[in-house]
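Me: Can you walk me through this one? I'm new to it, so let's take it bit by bit.

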Amino acid sequence: MPELVFFSGTMDCGKSTLALQIEHNRSARGLQGMIFTRDDRAGEGKLSSRLGLVTDAVEVEDDQDVYAYVVDHLSKGGRADYVIADEAQFLAPEQIDQLARVVDDLGIDVFAFGITTDFRSKLFPGSQRLVELADRVEVLQVEALCWCGARATHNARTIGGRMVVEGAQVVVGDVDQSEDIGYEVLCRRHHSRRTTAASARAGVLSPDVLPVDAVSRT
Ligand SMILES: [Zn+2]
(Lines give C-alpha, C1' and ligand atoms only; values in the text may rest on other atoms or scores of the structure.)
Protein backbone atom coordinates (compact mmCIF):
# COMPACT_ATOMS: atom_id res chain seq x y z
CA MET A 1 0.00 0.00 0.00
CA PRO A 2 1.35 3.44 -0.88
CA GLU A 3 1.84 5.71 2.09
CA LEU A 4 2.14 9.32 3.10
CA VAL A 5 4.97 9.38 5.63
CA PHE A 6 5.94 12.46 7.62
CA PHE A 7 9.53 12.53 8.87
CA SER A 8 9.56 15.30 11.41
CA GLY A 9 11.94 16.81 13.88
CA THR A 10 13.89 19.87 14.90
CA MET A 11 16.14 21.94 12.67
CA ASP A 12 19.37 19.99 13.00
CA CYS A 13 17.88 16.50 13.13
CA GLY A 14 19.16 15.40 9.73
CA LYS A 15 15.88 15.43 7.78
CA SER A 16 17.35 16.57 4.49
CA THR A 17 20.21 14.09 4.81
CA LEU A 18 17.66 11.29 5.20
CA ALA A 19 15.65 12.67 2.26
CA LEU A 20 18.78 12.54 0.11
CA GLN A 21 19.54 9.03 1.33
CA ILE A 22 16.06 7.79 0.42
CA GLU A 23 16.51 9.41 -2.99
CA HIS A 24 19.92 7.78 -3.43
CA ASN A 25 18.78 4.30 -2.35
CA ARG A 26 15.77 4.33 -4.64
CA SER A 27 17.48 5.74 -7.69
CA ALA A 28 20.20 3.11 -7.21
CA ARG A 29 17.44 0.53 -7.68
CA GLY A 30 16.35 2.17 -10.91
CA LEU A 31 13.43 4.11 -9.46
CA GLN A 32 12.80 7.70 -10.40
CA GLY A 33 11.47 10.18 -7.90
CA MET A 34 9.96 13.61 -8.03
CA ILE A 35 11.48 15.94 -5.47
CA PHE A 36 9.71 19.02 -4.18
CA THR A 37 11.19 21.55 -1.85
CA ARG A 38 10.68 25.09 -0.72
CA ASP A 39 13.17 27.68 0.54
CA ASP A 40 16.08 25.25 0.86
CA ARG A 41 19.26 26.83 2.26
CA ALA A 42 21.07 26.04 -1.01
CA GLY A 43 18.65 28.20 -3.00
CA GLU A 44 15.71 27.73 -5.35
CA GLY A 45 15.18 24.31 -6.88
CA LYS A 46 17.69 22.56 -4.64
CA LEU A 47 17.48 19.98 -1.89
CA SER A 48 20.61 20.14 0.22
CA SER A 49 21.85 18.77 3.52
CA ARG A 50 24.12 20.25 6.10
CA LEU A 51 26.66 17.61 5.16
CA GLY A 52 27.12 19.24 1.76
CA LEU A 53 25.09 16.91 -0.44
CA VAL A 54 22.74 18.54 -2.92
CA THR A 55 20.32 17.51 -5.67
CA ASP A 56 17.93 19.29 -8.01
CA ALA A 57 14.33 19.69 -6.93
CA VAL A 58 11.10 21.37 -7.97
CA GLU A 59 10.61 24.61 -6.05
CA VAL A 60 7.00 24.70 -4.81
CA GLU A 61 5.33 28.08 -5.33
CA ASP A 62 2.47 29.67 -3.40
CA ASP A 63 -0.89 28.32 -4.59
CA GLN A 64 0.79 25.69 -6.75
CA ASP A 65 -1.23 22.48 -7.08
CA VAL A 66 1.37 19.78 -6.47
CA TYR A 67 -1.10 17.00 -7.33
CA ALA A 68 -1.76 18.61 -10.71
CA TYR A 69 2.00 19.01 -11.20
CA VAL A 70 2.57 15.27 -10.73
CA VAL A 71 -0.40 14.37 -12.97
CA ASP A 72 0.91 16.72 -15.66
CA HIS A 73 4.38 15.20 -15.41
CA LEU A 74 2.97 11.66 -15.76
CA SER A 75 0.67 12.61 -18.64
CA LYS A 76 3.70 13.87 -20.56
CA GLY A 77 5.31 10.46 -20.23
CA GLY A 78 7.41 11.35 -17.17
CA ARG A 79 8.00 8.96 -14.32
CA ALA A 80 7.37 9.42 -10.65
CA ASP A 81 7.84 6.20 -8.71
CA TYR A 82 7.82 8.12 -5.46
CA VAL A 83 7.62 11.71 -4.28
CA ILE A 84 9.86 13.47 -1.77
CA ALA A 85 8.70 16.78 -0.27
CA ASP A 86 11.43 18.48 1.75
CA GLU A 87 10.92 21.60 3.89
CA ALA A 88 7.28 20.47 4.01
CA GLN A 89 6.59 22.79 6.94
CA PHE A 90 6.62 25.64 4.42
CA LEU A 91 3.87 24.07 2.27
CA ALA A 92 0.29 25.25 2.62
CA PRO A 93 -2.20 22.84 4.24
CA GLU A 94 -3.95 22.56 0.86
CA GLN A 95 -0.71 21.39 -0.69
CA ILE A 96 -0.42 18.67 1.95
CA ASP A 97 -3.94 17.56 0.99
CA GLN A 98 -2.71 17.40 -2.61
CA LEU A 99 0.21 15.20 -1.55
CA ALA A 100 -2.26 12.86 0.17
CA ARG A 101 -4.16 12.70 -3.13
CA VAL A 102 -0.95 11.70 -4.90
CA VAL A 103 -0.87 8.69 -2.55
CA ASP A 104 -4.57 7.83 -2.72
CA ASP A 105 -5.41 8.57 -6.36
CA LEU A 106 -2.10 7.86 -8.07
CA GLY A 107 -0.81 5.11 -5.79
CA ILE A 108 2.56 6.80 -5.28
CA ASP A 109 4.51 6.86 -1.98
CA VAL A 110 5.06 10.36 -0.63
CA PHE A 111 7.86 11.01 1.87
CA ALA A 112 7.50 14.43 3.47
CA PHE A 113 10.25 15.94 5.61
CA GLY A 114 9.69 18.93 7.82
CA ILE A 115 10.35 20.82 10.99
CA THR A 116 7.49 20.17 13.38
CA THR A 117 7.27 23.42 15.31
CA ASP A 118 8.41 26.99 14.81
CA PHE A 119 10.53 29.16 17.11
CA ARG A 120 7.50 29.79 19.36
CA SER A 121 7.02 26.00 19.68
CA LYS A 122 3.80 26.21 17.61
CA LEU A 123 3.12 23.77 14.79
CA PHE A 124 3.82 25.02 11.27
CA PRO A 125 0.54 24.82 9.27
CA GLY A 126 2.07 22.39 6.78
CA SER A 127 3.39 20.18 9.58
CA GLN A 128 0.05 20.29 11.38
CA ARG A 129 -1.74 19.07 8.26
CA LEU A 130 0.84 16.31 7.85
CA VAL A 131 0.29 15.14 11.42
CA GLU A 132 -3.43 15.08 10.67
CA LEU A 133 -3.16 13.20 7.36
CA ALA A 134 -0.02 11.06 7.36
CA ASP A 135 -0.25 7.28 7.45
CA ARG A 136 2.87 7.36 9.60
CA VAL A 137 4.78 10.03 11.46
CA GLU A 138 8.43 9.24 12.07
CA VAL A 139 10.00 11.52 14.64
CA LEU A 140 13.67 11.95 13.85
CA GLN A 141 15.89 12.22 16.89
CA VAL A 142 19.35 12.27 15.51
CA GLU A 143 22.24 14.19 16.97
CA ALA A 144 20.61 17.50 17.73
CA LEU A 145 21.61 18.50 21.23
CA CYS A 146 20.96 21.56 23.34
CA TRP A 147 24.05 23.38 24.61
CA CYS A 148 23.42 21.67 27.98
CA GLY A 149 23.74 18.24 26.39
CA ALA A 150 20.05 17.30 26.63
CA ARG A 151 18.21 16.27 23.50
CA ALA A 152 17.15 19.32 21.53
CA THR A 153 13.42 19.21 20.90
CA HIS A 154 12.70 22.90 20.25
CA ASN A 155 13.76 25.52 17.73
CA ALA A 156 14.74 28.98 18.96
CA ARG A 157 15.14 32.13 16.92
CA THR A 158 17.80 34.53 18.08
CA ILE A 159 18.52 38.14 17.25
CA GLY A 160 22.03 39.13 18.16
CA GLY A 161 22.33 35.94 20.23
CA ARG A 162 19.25 36.67 22.35
CA MET A 163 16.24 34.39 21.98
CA VAL A 164 13.05 36.02 20.72
CA VAL A 165 9.48 34.71 20.77
CA GLU A 166 7.83 37.41 18.67
CA GLY A 167 7.95 37.85 14.93
CA ALA A 168 6.86 36.30 11.65
CA GLN A 169 6.73 32.49 11.56
CA VAL A 170 8.92 32.38 8.48
CA VAL A 171 11.69 34.83 7.68
CA VAL A 172 13.16 34.21 4.24
CA GLY A 173 15.84 36.10 2.37
CA ASP A 174 16.31 39.85 2.23
CA VAL A 175 16.46 40.06 5.99
CA ASP A 176 18.07 43.22 7.26
CA GLN A 177 21.53 41.89 8.07
CA SER A 178 21.91 44.28 10.98
CA GLU A 179 19.17 42.26 12.69
CA ASP A 180 21.46 39.22 12.73
CA ILE A 181 18.74 36.58 12.92
CA GLY A 182 19.90 33.11 13.84
CA TYR A 183 18.44 29.79 14.87
CA GLU A 184 19.45 27.39 17.60
CA VAL A 185 18.03 24.11 18.82
CA LEU A 186 17.36 23.82 22.54
CA CYS A 187 15.85 21.39 25.01
CA ARG A 188 12.36 22.30 26.21
CA ARG A 189 13.64 23.60 29.54
CA HIS A 190 16.07 26.02 28.00
CA HIS A 191 13.57 27.01 25.31
CA SER A 192 11.03 27.95 27.97
CA ARG A 193 13.72 29.79 29.95
CA ARG A 194 15.01 31.42 26.77
CA THR A 195 18.55 30.40 27.59
CA THR A 196 20.64 30.12 24.44
CA ALA A 197 24.25 28.96 24.39
CA ALA A 198 25.40 32.57 24.18
CA SER A 199 23.27 33.77 27.08
CA ALA A 200 24.29 30.75 29.16
CA ARG A 201 27.95 31.57 28.54
CA ALA A 202 27.34 35.15 29.50
CA GLY A 203 25.57 34.01 32.66
CA VAL A 204 22.48 35.91 31.61
CA LEU A 205 19.23 34.44 32.86
CA SER A 206 15.82 35.71 32.02
CA PRO A 207 14.18 37.42 35.01
CA ASP A 208 11.51 34.76 35.53
CA VAL A 209 14.00 31.94 35.95
CA LEU A 210 14.22 30.06 39.22
CA PRO A 211 17.50 28.76 40.56
CA VAL A 212 18.20 25.32 39.12
CA ASP A 213 17.89 23.41 42.39
CA ALA A 214 14.48 24.96 43.04
CA VAL A 215 13.06 23.37 39.90
CA SER A 216 15.06 20.16 39.68
CA ARG A 217 12.34 18.18 41.46
CA THR A 218 9.60 19.26 39.05
ZN1 LIG B 1 19.14 22.54 27.52
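Me: Which residues is Thr37 in contact with, leaving aside its neighbours within four places in sequence?

Reply: This is a predicted model, and in it Thr37 is in contact with Lys46, Ala57, Val58, Glu59, Val60, Asp86 and Glu87.

Me: Where does Thr37 lie, and is Thr37 buried or exposed?

Reply: Thr37 lies in strand E2. Its relative accessible area is 0%, so Thr37 is buried.

Me: Where does Glu87 lie?

Reply: Look at the loop between E6 and H3. Glu87 has 10% relative accessibility, and buried means under 20%, so Glu87 counts as buried too.

Me: And which residues is Glu87 in contact with, again leaving aside neighbours within four places in sequence?

Reply: Those are Ser16, Thr37, Arg38, Asp40 and Phe113. There's also a polar contact between the side chains of Glu87 and Gln89, at 2.9 Å.

Me: Let's zoom out to the sheet. In what order do the six strands come?

Reply: The order is E5-E2-E6-E7-E1-E8, with parallel pairing, and the sheet is open. Strand E5 (58–59) and strand E8 (136–139) are the edge strands, each pairing on one side only.

Me: How many bridges join E2 to E6?

Reply: Four, between residues 33–37 of E2 and residues 82–85 of E6. If you want a pair to find on screen, Ile35 has Ile84 in E6 as its bridge partner.

Me: Which helices lie across those strands?

Reply: Helix H1, residues 15–28, lies across E1, E2, E6 and E7, and runs at about 160 degrees to E7. Helix H2, residues 66–75, lies across E2, E5 and E6, and runs at about 150 degrees to E2.

Me: Changing topic: what does strand E9 pair with?

Reply: E9 is joined to strand E11 (residues 181–186) by six bridges, running antiparallel. E9 also pairs with strand E10 (residues 162–164) in the antiparallel sense, over three bridges.

Me: What are the partners of Ile159 there?

Reply: In E11, the bridge partner of Ile159 is Ile181. In E10, Ile159 stands opposite Arg162.

Me: How many residues sit between E9 and E10?

Reply: Two, and the strands form a hairpin. Gly160 is in the turn and has a positive phi of about 60 degrees.

Me: Is E9 mostly covered or mostly open?

Reply: Mostly covered, since five of its six residues (the strand spans 154–159) are buried.

Me: How about the chain overall: how many helices and strands does it have?

Reply: There are seven helices and 11 strands. Of the 218 residues in the chain, 41% are buried. Counting contacts between residues at least 6 apart in sequence, 72% join residues at least 24 apart.

Me: What pLDDT does the chain average?

Reply: It averages 87, and 89% of the residues score at least 70.

Me: Which elements have the lowest and highest mean pLDDT?

Reply: Helix H7 (residues 212–215) has the lowest, at 48, while helix H3 (residues 93–106) has the highest, at 98. The pLDDT is below 50 over residues 213–218, and beyond near neighbours in sequence that stretch has three contacts in the model.

How values were computed
Residues are numbered from 1 along each chain as its sequence is written. This is a predicted model: local features need pLDDT of at least 70, side-chain atom pairs count only at pLDDT 80 or more; totals for chains, interfaces and linings use all residues. Side-chain values use heavy atoms; hydrogens and water are left out. Two strands pair if DSSP finds at least two bridges between them. Contact means heavy atoms within 4.5 Å. Axes are lines fitted to C-alpha atoms, for helices over the stretch in contact, and angles run from 0 to 180 degrees between N-to-C directions. pLDDT is the predictor's confidence in each residue, from 0 to 100. Buried means under 20% relative accessible area, exposed over 50%, partly exposed in between (1.4 Å probe, protein chains only). A polar contact is a pair of N or O atoms within 3.5 Å; within protein, one must be able to donate a hydrogen and the other to accept it, and residues adjacent in sequence count only if both atoms are side-chain atoms.
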